[in-house]
Amino acid sequence: MTPSAAPARDVPEALLQIRDLRYRYPGASVDALAGLDLTVSAGEFVAVVGANGSGKSTLARILGGLEKPASAAVAVACGHDLLTEDGRMAARREVGVLFQNPENQLVAECVEDDVAFGLENLAWPPADIRLRVDEMLARFWLTELRTREPHLLSGGQKQRTALAGVLAVPRRVLVLDEPTAMLDPAGRAEVLDAVRGLRAEGLAVVYVTQEMDEVVGADRAVALDHGAVVYSGAVRGLFGEGDLVRRLGLGLPAAGDLALELAARGRRLEPLPLTLDELVRDLGWTP
Amino acid sequence: MRPAIAQYYPGDSVIHRLDARAKFVAVTALAVALFVRDSFAGLAVFAAAGVIAYLLSGVPVAWFWRAFRPLLWLIALTFLAQVLFAPGEPFFSFWVFDFSWAGLEFAAFLSLRLVVLVLIGSVLTLTTAPLALTDGLAWLGRPLRRLRVPTDELALMVTIALRFIPTLLVELDQIMRAQRARGADFSTGGPIRRARALVPVLTPLFVLSFRRADELALAMEARCYRPGIVRTRLRPLKAGAGDAVLLAVTAAVIAAGLLV
Amino acid sequence: MRDAAPAVDATSAGRGMALSCRDVAFSYEEARAPIPALRGVGFELAAGRSLALLGASGSGKSTLLQVVKGLDAPEAGAVLLDGTATGAPAYTGLQREVGLVFQTPELQLFAVSAREDVAFGPRRLGWSEAEVAAAVDEAMELVGLPPADFGGRHPYALSGGEQRRLALAGVLAMRPRLLLLDEPFVSLDPATRRELASILRRLRRDGVTLVLATHDVDLAWALCDELLVLDAGRVAACGPWDLGESGRELLAASRLKEPFLVQLWRRLGRDPAGAPRTVAEAAEALR
């Protein structure tokens with residue numbers, strides 16, 4: 001693969017196409033994924049939500065070509081068949097995966113070496129690696145930290161470094177597996193800022209999370225329960241089904257939570273307010 | 001936080017810019033010559049070379065001292081052992097120990113030799129990034145690949161191990177504190193009791209390390225790593241004229257040291 | 001958590017312990033210069049009260065908790081437990097009644113069964129086996145892991161949320177009168193977060209003094225009577241939640257927002273000092 005070559009074949013509308021995907025961990029008695037369907041197109045930002053153990057992380061691994069599905073009617077990522085070894089290897093080049101624990105993703109002794117790791121594995125010429133790494137460092141505000149050792153970075157800085165490393169390899173799909181779960185609010189804001197610009201570049205983003213506040217800006221929400229999709233559609237629609245959200249062990253944004261409590265007491269706000277502004281407006285207060 | 005041997009002082013001196021392989025070869029050759037030659041004159045030549053290299057490196061004395069400090073005991077012990085037990089005409093006796101001028105001289109020689117060795121070795125580790133050093137070693141070890149020794153993979157393993165030492169130390173400290181907060185006591189009792197007290201520390205540390213290994217492997221695969229692939233490097237090893245000069249100077253120093 | 005869990009009787013939980021810190025200073029030894037982590041921290045917390053410890057990462061929250069527990073000795077100043085200072089004969093005994101729950105405490109589970117792990121602390125206190133067994137049963141019930149169902153399970157075979165609660169039980173079994181918690185809600189799903197909050201509310205009702213270091217301002221607001229904001233090792237704010245303009249600025253300076261319900265009350269033109277502590281209370285007031 002040469003550095004400048006964006007894949008030259010037709011860009012299919014759907015970058016991820018999954019139908020009836022199944023997976024079971026060795027020794028487990030139930031399927032981690034039980035007939036899951038998912039389609040994600042270029043430029044789309046899809047939030048995947050579900051409680052612990054609902055299959056979110058397994059899905060992230062499979063989309064990244066890092067785990068072999070037990071079976072699937074269709075499992076295609078960027079045109080590569082995830083059911084075959086060759087397809088998974090090819091998918092790994094185009095589907096980036098950012099994991100939850102920032103500490104356990106950094107391999108190298110300093111920031112810029114870590115960002116370069118993926119390109120080194122793809123045997124890019126050193127001069128091209130240098131250019132691409134510098135570009136990534138600048139884009140994720142890491143240039144000044146380039147020679148910093150990983151253990152001296154804050155959580156947010158570590159996660160930005162990992163993200164820069166994932167995106168240094170030119171990607172068409174980015175899967176983020178609860179990237180803010182282990183960060184403090186400052187680190188969380190850093191990572192969300194970094195993720196925000198990605199959609200504009202035509203990247204398909206699958207954002208796995210339990211933080212309902214982070215879901216609000218997504219194009220589409222997909223809710224998982226016991227390894228299957230139980231909701232797929234507008235974010236607002238998901239929250240509208242307050243019962244579903246609670247049954248799945250998820251939390252609503254604080255405004256929605258309060259609105260549901262109000263509804264239980266006979267004061268119904270429609271549609272369900274999700275932000276403080278909406279709640280204040282719906283409660284009939286005009287400043 | 002780091003073992004002294006891996007202490008790297010980032011910089012841009014003449015010595016820093018030299019290729020890791022050239023530096024490693026030069027230091028190894030000097031170390032061998034140092035042990036072959038057994039005269040103070042030879043020692044003086046190698047010491048002078050070491051001091052000049054150190055001065056060129058621009059490394060602060062404090063860093064240098066940190067590399068030295070842990071070895072002081074070893075050097076002192078060597079000196080004492082030689083003084084007390086080396087044969088020779090005694091000028092002073094005490095109990096079973098005989099002190100001789102020859103013994104004193106030999107002890108001084110051996111200790112100084114150790115000092116010079118540490119000096120030269122420290123210049124290497126202080127001015128060479130661990131990554132460059134492991135890469136250099138992997139390159140030098142390439143002939144071993146024919147014997148199916150996975151030198152590149154080993155080098156990557158060493159890099160990762162170095163990267164995680166500080167993390168592991170922090171985790172160890174945290175777990176010990178947490179168990180102390182639950183009443184664990186690591187500092188009293190005999191050796192068996194103390195060893196048993198470590199079970200609540202080492203068990204979680206192992207579990208944590210295994211989980212880390214899993215996650216790290218996954219993250220590496222996600223960035224297209226596979227054992228056995230041909231990799232390029234952000235900072236390729238590049239030998240230049242300076243490295244030729246280094247090797248020539250080293251050869252000259254060794255010749256001088258062996259001949260004086 | 002199971003609703004059926006029996007209430008802890010007042011004698012076993014004991015009355016809370018009063019805590020006061022006077023000009024506490026502490027610094028970490030680093031390669032060259034020691035880094036000050038606490039610089040003259042002083043506050044008073046009456047027995048049975050709960051304190052939210054807020055502040056950015058690196059502001060000294062964890063350090064303060066460890067100094068209070070006695071894992072680090074303060075370089076200057078004093079930590080008084082029930083008015084007793086270090087060095088007094090009773091101090092060691094009082095210090096044993098201080099419980100400290102570390103961040104991600106599940107990482108410290110080590111025993112071959114849940115029951116054994118919880119029993120570790122009580123055994124170190126030199127209690128008889130019967131007392132240990134009673135304390136373990138009680139603590140496991142309290143965190144919603146009934147010993148009959150969970151006692152024999154291997155700690156590593158539990159889910160993430162169960163592990164977190166088991167680790168908490170390991171500290172509660174030592175019957176602390178002052179409980180220090182370091183970021184207890186980090187990386188939990190919303191459902192587990194709610195369960196944990198209700199456990200803490202329960203401890204508070206039982207009269208245990210609580211210190212809760214957290215980034216989650218809303219949970220701090222729901223659970224704590226008082227507030228201590230640390231900024232670079234100094235006390236930036238201390239006392240009952242200050243809901244005036246200056247209080248809001250202080251929180252903002254530490255990169256914290258005001259609790260959601262306080263913001264809401266302010267926006268609705270109501271007195272923020274009278275803002276409800278929980279969503280249910282808010283819904284009652286707004287129905």
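**Note on the predicted model: chains A, B and C**

1. Of the 287 residues that make up chain A, 54% count as buried. The model is a predicted one, and the points below should be read with that in mind. The radius of gyration of chain A is 20 Å, which agrees with the value near 19 Å that a compact globule of 287 residues would have. Taken along the principal axes, the C-alpha atoms of chain A fill a box of roughly 65 × 45 × 40 Å.

2. The secondary structure of chain A comprises 11 helices and 10 strands. When contacts in chain A between residues at least 6 apart in sequence are considered, 65% of them join residues at least 24 apart.

3. One residue of chain A can be described in more detail, namely A:Asp213, which lies in helix 7 (residues 212-215) of chain A. Is A:Asp213 buried or partly exposed? A:Asp213 has 15 C-beta neighbours inside 10 Å and therefore counts as partly exposed, since a residue is called buried if 20 or more other C-beta atoms lie within 10 Å of its own and exposed if 12 or fewer do.

4. Chain B has 10 helices and 2 strands, and its elements, read along the sequence, follow the pattern α-α-α-α-β-β-α-α-α-α-α-α. Its radius of gyration is 23 Å, well over the 18 Å that the globule rule gives for 260 residues, so chain B is more spread out than a compact globule. The C-alpha trace of chain B spans about 65 × 60 × 40 Å along its principal axes.

5. Of the 260 residues of chain B, 28% count as buried. Among contacts in chain B between residues at least 6 apart in sequence, 78% join residues at least 24 apart.

6. Which elements of chain B give two or more residues to the side that touches chain A? In the contact between these chains, 28 residues of chain B meet 34 residues of chain A, and the elements in question are helix 6 (130-140), helix 7 (151-181) and helix 9 (199-222) of chain B. Helix 9 of chain B gives the most, with 8 residues. Sorted by class, this side of chain B has 18 nonpolar, 3 polar and 7 charged residues.

7. Chain C also touches chain A, with 25 residues of chain C in contact with 26 residues of chain A. Two or more residues on that side of chain C come from each of helix 7 (160-172), helix 8 (190-205), helix 11 (260-267) and helix 12 (279-286) of chain C, and helix 12 of chain C gives the most, with 5 residues. By class, the side of chain C that touches chain A has 12 nonpolar, 8 polar and 5 charged residues.

8. Within chain C, helix 4 (residues 114-124) and helix 5 (residues 129-142) pack at an angle of about 125°, their axes being 9 Å apart, which makes helix 4 of chain C oblique to helix 5 of chain C. The crossing of helix 4 of chain C with helix 5 of chain C is right-handed. Helix 4 of chain C contributes C:Arg115, C:Val118, C:Ala119, C:Pro122 and C:Arg123 to the contact, while helix 5 of chain C contributes C:Val132, C:Ala135, C:Val136, C:Ala139 and C:Met140. The residues of this contact divide into 8 nonpolar, no polar and 2 charged.

Key. Residues numbered from 1 in each chain as written. Chains lettered and ligands numbered in written order. Predicted model: local features only at pLDDT ≥ 70, side-chain atom pairs only at ≥ 80, totals over all residues. Axes fitted to C-alpha atoms, helices over the stretch in contact; angles between N-to-C directions. Helix = DSSP H or I, 4+ residues; strand = E, 2+ residues; numbered from the N terminus. Parallel < 35°, antiparallel > 145°, perpendicular 65-115°, else oblique. Left-handed = near helix turned anticlockwise from the far one by under 90°. Contact = placed C-beta atoms within 7 Å. Nonpolar A, V, L, I, M, F, W, Y, C, P; charged D, E, K, R; others polar. Rg over C-alpha atoms; globule rule 2.2 N^0.38 Å.
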